Protein chains: 4
Amino acid sequence: MLEALKEKVLKANLELPKHHLVEFTWGNASAFDKETGYFVIKPSGVSYDQLKASDMVVVDLEGKVIEGSLNPSSDTPTHAVLYKNYPELGGIVHTHSNWATAWAQSGVDVSAMGTTHADTFYGPVPCTRYLSQKEIDQGYEYETGNVIIETFKERGLGILDVPAVLLHGHGPFTWGKDVEAAVYNAVVLENVCKMNIFARQINSYAPDLPQRILDKHYSRKHGKDAYYGQKMK
Amino acid sequence: MLEALKEKVLKANLELPKHHLVEFTWGNASAFDKETGYFVIKPSGVSYDQLKASDMVVVDLEGKVIEGSLNPSSDTPTHAVLYKNYPELGGIVHTHSNWATAWAQSGVDVSAMGTTHADTFYGPVPCTRYLSQKEIDQGYEYETGNVIIETFKERGLGILDVPAVLLHGHGPFTWGKDVEAAVYNAVVLENVCKMNIFARQINSYAPDLPQRILDKHYSRKHGKDAYYGQKMK
Amino acid sequence: MLEALKEKVLKANLELPKHHLVEFTWGNASAFDKETGYFVIKPSGVSYDQLKASDMVVVDLEGKVIEGSLNPSSDTPTHAVLYKNYPELGGIVHTHSNWATAWAQSGVDVSAMGTTHADTFYGPVPCTRYLSQKEIDQGYEYETGNVIIETFKERGLGILDVPAVLLHGHGPFTWGKDVEAAVYNAVVLENVCKMNIFARQINSYAPDLPQRILDKHYSRKHGKDAYYGQKMK
Amino acid sequence: MLEALKEKVLKANLELPKHHLVEFTWGNASAFDKETGYFVIKPSGVSYDQLKASDMVVVDLEGKVIEGSLNPSSDTPTHAVLYKNYPELGGIVHTHSNWATAWAQSGVDVSAMGTTHADTFYGPVPCTRYLSQKEIDQGYEYETGNVIIETFKERGLGILDVPAVLLHGHGPFTWGKDVEAAVYNAVVLENVCKMNIFARQINSYAPDLPQRILDKHYSRKHGKDAYYGQKMK
């Protein structure tokens with residue numbers, strides 16, 4: 001079942017340690033299949049060097065396991081609620097990558113200071129609030145997804161315009177139209193988080209990127225007038 | 001004697017440079033054997049790329065060599081006093097890993113700022129006091145173990161609830177129910193130490209993790225209600 | 001056409017990830033051919049591990065593709081305007097390398113604090129202004145080249161005396177008499193940017209290098225009295 | 001001539017990029033032969049991946065080439081003056097390693113904040129003054145050696161008690177009883193420099209290591225009462 005997608009999800013998970021975004025099992029990647037309405041996700045706590053495509057778990061949008069002999073990632077309900085709420089998502093990645101997690105621990109949004117950011121994120125990457133005791137009791141991972149949705153609603157952000165979030169005190173989630181894009185966005189976020197720390201240490205008055213350059217760079221790579229890469233030829 | 005455990009201890013020692021926790025010979029891992037009451041430890045000052053399982057030294061709880069032709073790690077008495085005092089320990093690791101050692105040099109506890117910390121350490125990782133002249137004269141490595149014990153007693157910490165300590169001006173010791181856990185905890189500590197530095201540089205008012213989230217994450221991975229990984233299936 | 005130069009440009013591009021200066025496709029290297037007046041540049045958005053010499057695109061000084069089936073780098077007009085204005089340039093490199101990009105985001109020049117800098121850059125590496133809305137509308141990548149030229153003119157800098165620039169909010173461009181030198185200068189700049197941040201964090205009053213030592217080190221490696229390396233023998 | 005020593009010097013030079021202490025050709029290692037009174041040093045500006053033992057240059061204590069078809073390192077006179085003044089030196093290493101060079105650019109001594117430092121350096125690693133115009137004119141590399149000697153004399157330091165120095169605005173030199181020790185000390189210095197920066201960022205009041213612990217750790221590895229490693233068995 002969904003064998004090709006399992007291969008993609010395996011590959012995406014293996015990209016995470018390769019890009020130095022995860023240690024041990026501290027991350028997970030999933031991909032959504034529009035036809036069945038199921039998604040494929042990494043099993044919980046299985047070491048990356050032992051991971052096989054057949055270990056991937058198929059889950060429905062309520063977080064129920066449809067196929068697979070292993071427990072899915074403990075973060076599965078967060079993935080489920082995001083896929084359910086945002087049908088445009090094709091892949092989701094969660095890591096504890098060092099620089100993005102430092103920002104998540106700081107509780108501060110990552111503003112757009114450069115074009116590396118603007119090429120991928122159309123504006124600041126938001127940091128959520130902490131979950132309440134009630135939310136933890138009701139279902140921590142499920143409510144984590146709801147807090148992400150709340151954050152994007154309150155700020156009026158398009159989910160694919162800013163394909164990343166920081167969970168306060170936890171770490172980053174990124175996503176995209178497919179799981180490859182979600183991995184890519186996780187790498188962008190990690191680099192941007194590192195560079196912004198030091199940009200403001202060099203010059204604490206360093207400005208955010210002017211809106212006109214944010215607009216220009218985002219539109220070079222996204223939307224109908226995009227001209228980066230080989231697609232337009 | 002204890003050949004299987006020697007293999008495990010060798011492997012654990014080799015994990016340390018692989019995870020960028022040690023340069024040269026600046027680290028050691030040991031494992032305790034409950035049946036014999038002996039522990040197996042790396043020899044002193046032997047380069048990691050020459051290390052063989054048969055080089056590992058078997059030592060009793062007084063620090064006396066039981067088997068082995070090489071000198072055991074100079075930190076052997078610290079391991080011995082910890083194993084003797086805490087029968088629940090199955091493995092101990094000592095490194096001079098950069099970020100944890102920077103914290104050890106700062107003399108400051110590592111507070112729980114994120115879930116990476118809370119998944120492994122139930123509260124702040126304590127930093128000890130310096131040893132006194134008297135303690136140095138009486139037996140530096142032995143008294144190092146006693147200072148760790150004193151620190152955990154004074155703070156009322158369970159040794160497996162917070163399986164790590166920073167020795168002021170020296171570096172980290174970590175431990176666990178086995179030597180693999182001790183290595184794992186050394187990696188967690190190194191990551192947490194790095195991330196906390198920059199979290200407070202981004203936002204000097206960044207709060208510690210709320211107790212409710214610390215409780216939640218620690219209990220996801222530890223205790224009777226744990227549901228992370230594959231064990232419960 | 002220009003097959004030998006294509007091989008050189010391919011090799012130069014592959015040096016960029018090897019020196020940890022680029023992630024994914026975030027960089028480009030080009031080389032100028034004096035005989036034809038054309039330059040060879042990396043195609044846009046093609047992954048480094050798939051890049052072949054035959055993928056390289058031949059472009060004229062107006063930025064028009066002369067040969068090649070792929071789109072050239074989206075930064076091609078910047079390369080073109082620099083080659084057109086400075087006939088002494090044989091190669092150009094653009095990256096989003098972390099430390100240089102952090103400086104570019106800070107908007108601050110990189111002053112000469114050490115001999116690593118002085119061996120390659122004869123004085124501070126300048127940071128440009130942001131482009132205006134009008135410049136973005138007229139042709140963003142072309143005007144990026146013009147802003148670099150303006151910066152060097154206003155400061156009276158020789159283009160090969162300081163073979164690097166930071167684009168405010170974007171990242172570094174480096175160049176040289178050939179593309180190998182441009183890559184080399186990109187590595188120097190990245191190292192210098194990292195070291196200067198921490199030098200001033202250790203001592204916020206740390207001085208720039210005295211002029212006499214800047215002169216001495218630059219002249220050890222450049223000009224008629226150079227005596228570094230094997231060339232003079 | 002001195003073929004075995006050339007092999008050692010080659011190997012020592014190759015250790016430098018392996019330990020991430022040098023980029024390109026920015027470093028050099030040499031070893032002294034007590035019998036002939038000559039030393040063997042890396043040629044100038046030759047890439048590490050092309051370096052062969054037969055490329056090593058034999059030089060006398062006046063810096064005159066005795067054997068070898070390549071130019072010796074441009075820093076050869078610094079090595080010569082140090083070997084001439086300190087007959088106890090068997091090897092010298094110079095690098096532009098990032099963290100030590102940041103300290104050299106800051107102009108600040110590296111104080112002993114931890115046992116990683118105390119295991120190797122008996123007290124602070126000094127930073128020299130800048131060279132004067134007169135010294136530059138008289139012979140920059142030769143006078144660099146003299147400034148190192150002046151620094152150790154003024155502070156009353158034993159050359160093997162603190163086997164490292166920072167040249168203000170330049171970078172580190174380390175040395176030892178042989179070239180392997182000089183490489184080892186370069187790695188220690190790089191680690192210590194990194195850790196001290198962040199220790200004082202975590203806690204700007206973090207104290208230096210108490211003298212009693214500096215004494216204890218240094219004597220564990222040096223002098224007649226040393227008990228670290230396998231030598232004493």
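User: How much area do chain D and chain B bury between them, and what share of it is on carbon and sulfur atoms?

Analyst: About 3,100 Å², with 55% of it on carbon and sulfur atoms. Buried area here is the accessible area (1.4 Å probe) that two parts lose on being put together, summed over both. Please keep in mind that this is a predicted model, where local features need pLDDT of at least 70, side-chain atom pairs count only at pLDDT 80 or more, and totals for chains, interfaces and linings use all residues. Residues are numbered from 1 along each chain as its sequence is written, chains are lettered from A and ligands numbered from 1 in the order in which they are written, and side-chain values use heavy atoms, with hydrogens and water left out.

User: Which residues of chain D supply 19% of the area that it buries against chain B?

Analyst: I202(D), R212(D) and Q230(D), more than any other three residues. In the contact, meaning heavy atoms within 4.5 Å, chain D takes part with 34 residues and chain B with 37 residues.

User: Which elements of chain D supply at least two residues each to the side that touches chain B?

Analyst: They are α4 (115–118), α6 (179–202) and α7 (211–221) of chain D. Helices are DSSP runs (H or I, at least four residues), numbered from the N terminus. The most comes from α6(D), with eleven residues.

User: Why is the relation of chain D to chain B that of a four-fold axis?

Analyst: Chain D can be laid on chain B by a turn of 90 degrees and a shift of 0.0 Å along the axis, with an RMSD of 0.0 Å. That is the relation of a four-fold axis. The copies are superposed by least squares on the C-alpha atoms of residues with pLDDT of at least 70 in both. In chain D, the C-alpha nearest the axis belongs to Q201(D), 6.2 Å from it.

User: How do you know that the copies use different surfaces?

Analyst: Of the contact residues of chain D, 6% recur in chain B.

User: What about chain A and chain C: how many residues are in contact, and how much area is buried?

Analyst: There, 34 residues of chain A are in contact with 37 residues of chain C. These two chains bury about 3,100 Å² between them, 55% of it on carbon and sulfur atoms.

User: What makes D75(C) and R220(A) a salt bridge?

Analyst: Their closest N and O atoms are 3.6 Å apart, so they fall within the 4 Å limit.

User: Where do the closest C-alpha atoms lie in pairs of chains that no contact joins?

Analyst: For chain B and chain C they lie 12 Å apart, and for chain A and chain D also 12 Å apart.

User: Why is the aromatic pair of Y122(C) and Y218(C) called tilted?

Analyst: Rings of Phe, Tyr and Trp (its six-membered ring) pair if their centres lie within 6.5 Å; planes under 30 degrees apart count as stacked, over 60 as edge-to-face and the rest as tilted. Y122(C) and Y218(C) are 5.0 Å centre to centre with 40 degrees between the planes, so they count as tilted. Y122(C) lies in the loop between α4 (115–118) and α5 (133–154) of chain C and Y218(C) in helix α7 (residues 211–221), so the pair ties together parts that are 96 residues apart in sequence.

Terms used
Salt bridge = Lys/Arg side-chain N within 4 Å of Asp/Glu carboxyl O.
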